[in-house]
Amino acid sequence: MTTQPPLVGLAAALASQPPTRTVFAQFSLVEKVAFVTGGGRGIGLEVAAAFAEAGAIVYCLGPSKQPHNDFVTVQEFVARMPPLAENVKNGKMEYISGDVTDQKQMWKIAEDIVAREGRLDICFANAGILAGADCLEYSAEDFTKIINVNVNGVLYTAQAAGRQMEKLGIPGSIILNASMAGSICIRNQKWVAYTTSKSAIIQMARSMACELGSKGIRVNSVSPGYIYTKMTKAFLDSHPDLMEEWCLQNPLGRLGRTDESRGVCLWLASDASTFCTGSDIIVDGGHRAW
Ligand code: NDP
């Protein structure tokens, strides 16, 4: 028997229910289980912590055997959070070592999460790498390396989660981390492999959304603009004038912070976005408005 969701908004008011605040509860991830790749640092770690803060048990995957120090610090920070509410279990973060380019391993990891937690509701396929080379000289090996992590790895992650959601009949949410570089080119950068990979992610989300909609599984992509992380810092450190140039490329006049991915990913992961699928959500400081 399926339980009906509680009435909210107009429906609650018009059914003469006692007035209660439901809008924040729609963003709650209490009793949900999430899987985040590239969750050991940067945007992935930030979003994983937000999911845990909202009540989810979050499994964060990274390629190293042991998590980065940042992960351990954030994991402990989340563990010390005050209780969400009486008799409500707080969220938490766990680290898993794995490589997104290994399809069998990714499928097994999602199976193991379900064996442990009994469910999997949310997937943030976020792991990605960045490198550049002249488009006429890009070696097959370097091009394949980017595509393998940024495209194949995202597919294997989404498959791993989607297979479990389908098996358990969970109307889950799969979020693929693309980039504004999936729809536009980054001025003066030789990023043909990266832009190609991110463009594929946007179309992958649409395509999977169309196939999985009838099962109630939603798939969307997020397209951040320039966010200050280790990935972008590597470029900025080696090109000192680039920071100002990049800041001037959007109306807000600055790079984004990782915490500015929290809201959009929580919205997509939660019941606040139940009618959103097959969309690419742009969070770029207005970069493309110019
Ligand atoms: P980071 O380099 O900080 O994080 C990337 C994460 O992916 C790291 O934790 C890395 O692990 C992990 N990773 C890399 N390869 C693998 C692999 N084969 N298997 C498992 N994990 C892997 O980058 P960001 O946080 O900046 O980027 C995260 C995502 O956001 C990427 O997909 C990126 O393309 C996208 N993005 C970033 C933007 C930005 O401006 N920063 C803008 C738009 C999109 P490890 O730390 O051990 O290397």
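The shell around the ligand comprises 13 nonpolar, 11 polar and three charged residues, where Ala, Val, Leu, Ile, Met, Phe, Trp, Tyr, Cys and Pro count as nonpolar, Asp, Glu, Lys and Arg as charged, and the others, Gly among them, as polar. The model is predicted, local features needing pLDDT of at least 70 and side-chain atom pairs counting only at pLDDT 80 or more, whereas totals for chains, interfaces and linings use all residues. Residues are numbered from 1 along each chain as its sequence is written, and side-chain values use heavy atoms, with hydrogens and water left out.

In total, 27 residues surround the ligand, the closest being Arg41, Asn126, Tyr194, Ile227 and Thr229; a residue is near a molecule if one of its heavy atoms lies within 4 Å of it. At least two shell residues come from each of α2 (42-53), α6 (192-212) and α7 (230-238), helices being DSSP runs (H or I, at least four residues) numbered from the N terminus.

A backbone N or O atom of Asn126 is found 2.7 Å from an oxygen atom of the ligand, while a polar side-chain atom of Asp99 lies 2.9 Å from a ligand nitrogen atom. Of the 890 Å² of accessible area that the ligand has on its own, the protein covers 91%, as computed by the Shrake-Rupley method with a 1.4 Å probe.

The side chains of Arg262 and Glu53 form a salt bridge (3.2 Å, N to O), defined as a side-chain nitrogen of Lys or Arg within 4 Å of a carboxyl oxygen of Asp or Glu.

Key: Polar contact = N/O pair within 3.5 Å; in protein donor to acceptor, adjacent residues only side chain to side chain.
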